[in-house]
Amino acid sequence: MTAHVRPKALDDFKARDFRMLIDGAWTQGAGSAIERVAPGHGTVVSRYPAGTGADAERAIAAARRAFDDGPWPTMTGAERSNILLKAADLIAARADELAFLDCIESGKPISQAKGELGGAADIWRYAAALARDLHGESYNTLGQGTLGVVLRDAVGVVSIITPWNFPFLIVSQKLPFALAAGCTTIVKPSELTSGSTLVLGEILIEAGVPAGVVNIVTGTGPEVGSVMTTHPHVDMVSFTGSTGVGRLTMANAAQTLKKVSLELGGKNPQIVFPDADLDAFVDAAVFGAWFNAGECCNAGSRLILHKDIAADVTTRIAELSRQVKVGDPLDPTTQVGAIITPQHLDRIGTYVDDAAKAGASISLGGAALDLGLGQFMAPTILSGVAPEMAVAREEVFGPVLSVLTFETTNEAIRIANAIDYGLSASVWSRDFDTCLTIGRKVRAGTVWMNTFMDGASELPFGGYKQSGLGRELGRHAVEDYTETKTLNMHVGARTSWWVPR
Ligand code: NDP
């Protein structure tokens, strides 16, 4: 192993010490510290408190008080909206600082981290608009004696648990919508990438979010997250992470029947027909597979290519992939950064080795890259993958692309649907009927047609099957953080129940 070379961009950098936010105050908490070693640089870049169960309980108590007695739930939508808009402005103003933290803590390329910050600020603005437009229904059709009003009522205290792969973007897919609805929250970022979420705490205080409305507790899932998902004073859990921990979260929340929203893993197929614009597809395949080093729930990690084009298209994807720059996440020209931890790099390598043993051939890459920085994986293409192989069914969460083939449309749909996940998919064809047939029959929360991984704050995002429960983004996102309450109002004299008519 080559010794780590500290990049010039980190010359003046000192590891940053963070504290947690509980009830409006910054605190070290009762536990020790977590040190984050940058995956792309091999050097300590952040220290956060290792929060304890007791810290989580204090945060939950603060959120409960802020919901039951504080001003946030009863403010007007316009007042909440203005605070969220101020937060969006502050996020934009501190975007470089936030992107830098996400880059060094997660190992993603700095140019990509900056793009995510732009997207996140837009989501906060969109949620601010929804805060003013949250409304229920009324029924004036129930007869002279009845008026029905259906209210959208904030669900209460929400635990928000996020993963390491898109630290700032994912908290932004949850928190502003919960706040727009009038909820109060406890947020637990991943222990690997807590920095930008803690800076968000500073931003929200400056924007005017009252004490106790947003509490941020750092630490591990088993210590902090387990309290956040079981505590009786929490009304809802919004979780993004692996399907395994999602399942555990749901079981934990079931003890007190909390509302649950889950965004979990994916093994997303791109189905390609011979009549597609193959230049456009090859570009999208490279993007879909290597974006965020494949550490992406939406990664296009499973190509299902028509057999007539499979060999040629695979060669073209490999050629283009050789030009993709893997390297120092802080270099603005880098396109693929580091792998989150050495353990995760080993796990990715095991998937590749097992696939090769099972008969797949390695068309590109296949091993870790020693760049003298942190841990990196070469973009890897596996061809001749059979649908039953683990690498075709399970989420590798690394830069590993599996190529499968099909002959008929029905076979493509069958292969696409024959796994436990259903997050997203795409279809490539110039034929309208082909696109719509695939779009309707593939069981996934998003189906792209002749594009891949495009998104917008307005469009709902989430999974079928074991990819999740509920939807984020879109106009219904804010409704996920509400209860529905019926006001059934009687008008005029009431007919007595026991007096015969
Ligand atoms: P994990 O499931 O390991 O962790 C997610 C979060 O859950 C972390 O904050 C973690 O804490 C916490 N956690 C761990 N154990 C518990 C527990 N017992 N109780 C409560 N919380 C717990 O996922 P990763 O962080 O490894 O993220 C990668 C996964 O996330 C991938 O599978 C990916 O597909 C999925 N993902 C899904 C997305 C979607 O929208 N569908 C988007 C992005 C990622 P800690 O790790 O700090 O201990």
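The structure is a predicted model, in which local features need pLDDT of at least 70 and side-chain atom pairs count only at pLDDT 80 or more, while totals for chains, interfaces and linings use all residues. Residues are numbered from 1 along each chain as its sequence is written, and side-chain values use heavy atoms, with hydrogens and water left out.

We can begin with the aromatic rings. A search of the whole structure finds 8 aromatic pairs; rings of Phe, Tyr and Trp (its six-membered ring) pair if their centres lie within 6.5 Å, and planes under 30 degrees apart count as stacked, over 60 as edge-to-face and the rest as tilted. One of these pairs is formed by Phe-166 and Phe-291, which are stacked, at 6.0 Å centre to centre and with 20° between the planes. This pair links distant parts of the chain, 125 residues apart: Phe-166 lies in the loop between β8 (157–161) and α5 (167–172), and Phe-291 in the loop between α10 (278–290) and β14 (302–306). Helices (H or I, at least four residues) and strands (E, at least two) are DSSP runs, numbered from the N terminus. Phe-166 is buried, with a relative accessible area of 6%, and Phe-291 is buried as well, at 19%; here buried means under 20% relative accessible area, exposed over 50%, and partly exposed in between (1.4 Å probe, protein chains only).

Phe-273 and Phe-406 make an edge-to-face pair, because their ring centres are 5.1 Å apart and their planes stand at 70°. This pair, too, links distant parts of the chain, with Phe-273 in the loop between β13 (269–272) and α10, and Phe-406 in strand β19 (residues 400–406), 133 residues apart. Phe-273 is buried, with a relative accessible area of 8%, and Phe-406 is buried with 1%. Ring pairs also link Phe-166, Phe-287 and Phe-291 into a cluster.

Helix α10 deserves a look of its own. The helix has 13 residues and reaches 18 Å from its first C-alpha to its last, close to the 18 Å expected at 1.5 Å a residue; the expected span is 1.5 Å times one less than the number of residues. At the start of α10, a side-chain oxygen of Asp-277 comes to within 3.2 Å of the backbone nitrogen of Asp-279. This is a polar contact, defined as a pair of N or O atoms within 3.5 Å; within protein, one must be able to donate a hydrogen and the other to accept it, and residues adjacent in sequence count only if both atoms are side-chain atoms. Among the buried residues of α10 are Leu-278, Phe-281, Val-282, Ala-285 and Trp-290. The buried residues of this helix pack against β13, β14, α11 (310–322), β18 (380–383), β19 and β21 (424–428), where contact means heavy atoms within 4.5 Å. Asn-292, which follows α10, has a positive phi, near 55°.

Turning to the sheets, three strands form an open sheet in the order β1-β5-β4, with mixed pairing; two strands pair if DSSP finds at least two bridges between them. The edge strands are β1 (16–17) and β4 (33–37), each of which pairs on one side only. Strands β1 and β5 (residues 44–49) run parallel and are joined by 2 bridges, and the bridge partner of Arg-16 in β5 is Ser-46. Helix α3 (residues 95–106) packs on this sheet, touching β1, β4 and β5, and its direction makes about 100° with that of β5. Axes are lines fitted to C-alpha atoms, for helices over the stretch in contact, and angles run from 0 to 180 degrees between N-to-C directions.

Another open sheet has 3 strands in the order β6-β7-β25, with antiparallel pairing. Its edges are β6 (137–139) and β25 (482–490); each has a single partner strand, so one side of each is left without a neighbour in the sheet. The twist averages 15° from one strand to the next. Strand β7 (residues 146–154) is joined to β25 by 9 bridges, and Ala-154 stands opposite Thr-482 in β25.

Two individual residues complete the account. Asn-215, in strand β10 (residues 214–216), is buried, with a relative accessible area of 0%. The side chain of Asn-215 reaches the backbone nitrogen of Asp-23 at 2.8 Å. Leu-373 lies in the loop between β16 (368–369) and β17 (376–377) and counts as buried at 11% relative accessibility. Leu-373 and Ala-38 are 335 residues apart in sequence, yet 9.5 Å apart in space, C-alpha to C-alpha.
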